Amino acid sequence: MAKRKTPEELRSHRWYGVNDLRSFGHRSRTAQMGFSREEYAGKPVIAILNTWSEMNPCHTHFKQRVEEVKRGIWQAGGFPIELPVQTLSEPFQKPTTMLYRNFLAMEAEETLRSYPADGVVLMGGCDKTTPALLMGAISMDLPAIYLPAGPMLRGNWNGVTLGSGSDTWKYWDDLRASRITEEDWRGVEGGIARSPGHCMTMGTASTMTSAAEALGFTLPGFASIPAADSRHAQMSAKTGMRIVEMVWEDLKPSDILTAGSVDNAVTTCLALSGSTNAIVHMIAVARRAGIELTLDRYDDIARRTPVLANIRPTGAYLMEDFFYAGGLPAMLRELGDLIDGSQKTVNGQTIGENIADAKVFNEDVIRSRAAPLLPGNGLAVLRGNIAPDGAVIKPGAADPKLLVHTGRAVVFRDYNDMAARIDDAALDIDENSVIVLQHAGPVGAPGMPEWGQLPIPAKLLQKGVRDMVRISDARMSGTSYGACVLHVAPESFIGGPFALVQTGDLIELDVPRRKLNVLVPDDELARRKAAWVQPAPRFERGYGAMHQVHVLQADKGCDFDFLQRVSAKRDGDPEIH
């Protein structure tokens with residue numbers, strides 16, 4: 001059995017346990033907040049990084065959940081300190097939460113470094129909060145456990161079950177095609193989000209909270225519990241209890257994260273037919289631990305991993321149904337030898353031990369490996385002369401006939417150009433065309449927004465067209481669908497060859513062969529490259545100016561170049577003076 005820490009070995013002892021002037025100040029100021037020495041002396045100080053705010057509807061229940069976490073910490077003999085950190089609200093923050101993911105990762109790391117934390121509970125769930133908090137905690141390498149917000153309940157409108165995002169895009173297209181009325185549209189608006197929690201489709205939120213569980217960072221089964229379920233509150237208290245023991249055991253992210261646990265998380269994302277955003281986030285998370293996750297590795301795992309979760313937008317059900325069917329532990333057990341069961345998790349057990357008794361209660365929601373929703377290729381990585389460093393597509397969300405397609409490019413230079421012209425009746429475009437959006441990447445957009453589900457022109461919607469090949473260096477919501485090629489790298493704004501595509505060029509997409517090319521001679525592309533002019537920088541000051549200089553491209557996880565590390569210092573905090 002591993003040696004347990006003594007109270008004198010706690011990191012917080014440097015603040016509270018030393019008999020000097022500085023510690024006097026720390027103790028007297030803690031008394032000012034109403035706490036006596038007996039409440040914290042010699043006990044693990046547990047930071048709770050809470051992303052609650054009044055602009056984040058996914059986390060509205062975190063005011064209550066944080067109290068349940070504190071209750072668990074007190075019961076286990078710890079001392080909780082709630083530390084609010086930046087909220088990343090997918091519905092509200094502009095131009096995109098992705099611009100600020102690294103900001104929250106930095107804030108999480110520096111908050112933990114600068115305060116007397118022995119361990120941390122990470123409270124997140126809305127899309128970018130999960131990877132950001134994990135990235136910061138991994139770099140700091142204190143004992144850390146993740147509390148997922150949980151999915152909201154199913155939406156409902158006139159007896160129709162609604163799913164976040166997916167049905168938004170569907171009914172928006174129906175409205176633009178005059179298939180539903182404005183009154184219908186308002187009904188969808190009022191019924192699609194009816195409880196706390198993040199998107200209940202297999203969007204980025206549920207993909208990344210499930211990845212966090214597969215990595216070993218949450219208590220078993222927590223990622224699948226709906227936010228409104230009382231079991232979510234119970235698990236929050238248990239999370240508070242467990243982090244105290246993790247501190248005494250000195251169980252840190254570096255003890256949990258390995259190439260095997262990263263492969264488990266990637267396999268999980270693919271078996272869920274999860275969001276394409278998970279590729280960028282998982283690469284960033286892995287590289288914070290010094291693990292080199294590449295697009296090619298992601299593609300290799302995709303080829304062998306069946307899609308077992310029948311959840312929208314690829315499937316038919318929602319996260320509430322997934323939970324009732326057995327949740328993530330049941331699906332992981334069904335994956336069998338595709339999951340490395342020897343990997344450690346935060347509860348002190350291996351993931352294999354955690355899922356050993358899991359059962360599937362609805363075989364249509366969680367499919368067996370013998371009868372998968374898709375046999376493989378939940379995601380595909382493409383390469384070619386306009387994406388030498390890679391691009392991605394979600395084949396199961398596309399019209400199958402478009403997976404091998406050659407069409408004439410219709411190019412939009414940026415989002416504003418597209419918004420101004422896409423519904424122009426005079427636009428020279430048909431259903432065989434390939435819609436191209438440039439300047440939508442990490443630097444050029446800025447921040448690589450979720451613009452990749454490019455709108456189909458209204459005149460084609462009215463003809464019944466519901467999918468077209470669309471290519472961009474942007475991302476798209478995990479709740480989206482369609483033949484959308486995303487994350488083209490290097491991006492157009494910094495001079496990647498995607499910048500050289502012009503209206504009228506033929507573009508060839510071949511998903512089975514993993515190819516994406518513009519059918520233009522090399523000498524013509526070289527001529528265009530010589531004439532290309534670097535656009536003016538997006539920012540002149542502040543965080544944005546730092547972002548545009550230091551952000552890496554999509555194939556490297558869009559982290560900052562100075563934050564990815566070979567290994568995290570465990571005892572590298574500056575001395576307190």
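Rings of Phe, Tyr and Trp (its six-membered ring) are paired here if their centres lie within 6.5 Å, and planes under 30 degrees apart count as stacked, over 60 as edge-to-face and the rest as tilted. By this rule there are 14 aromatic pairs. One of them joins Y543 and F560 as a tilted pair, 6.0 Å centre to centre with 50° between the planes.

The model is predicted: local features need pLDDT of at least 70 and side-chain atom pairs count only at pLDDT 80 or more, whereas totals for chains, interfaces and linings use all residues. Residues are numbered from 1 along each chain as its sequence is written, and side-chain values use heavy atoms, with hydrogens and water left out.

Helices (H or I, at least four residues) and strands (E, at least two) are DSSP runs numbered from the N terminus. Buried denotes under 20% relative accessible area, exposed over 50% and partly exposed in between (1.4 Å probe, protein chains only). Y543 is buried at a relative accessible area of 15%, and F560 is buried at 0%.

Elsewhere, ring pairs link Y16, F35, Y40, W74 and F79 into a cluster. The charged end of K529 sits over the ring of W532, 4.9 Å from its centre; this term requires NZ of Lys or CZ of Arg within 6 Å of the ring centre and within 35 degrees of the ring normal.

Axes are lines fitted to C-alpha atoms, for helices over the stretch in contact, with angles from 0 to 180 degrees between N-to-C directions. Angles under 35 degrees count as roughly parallel, over 145 as roughly antiparallel, 65 to 115 as roughly perpendicular and the rest as oblique.

| Helices | Axis angle | Axis distance |
|---|---|---|
| α5 (residues 98-114) and α13 (residues 277-288) | roughly 25° | within 13 Å |
| α7 and α8 | about 170° | 10 Å |

The angle makes α5 roughly parallel to α13, while α7 is roughly antiparallel to α8. Contact means heavy atoms within 4.5 Å. On this basis M98, R101, A105 and E109 in α5 meet V280, H281, A284 and R288 in α13. T168, Y171, W172 and L175 of α7 make the contact with E182, W185 and V188 of α8.

In helix α7 (residues 166-176), the buried residues include Y171, D173, D174 and L175. The buried residues of α7 pack against β5 (155-157), β6 (160-162), α8 (182-191) and α19 (458-461). Just after α7, S178 adopts a positive phi of about 65°.
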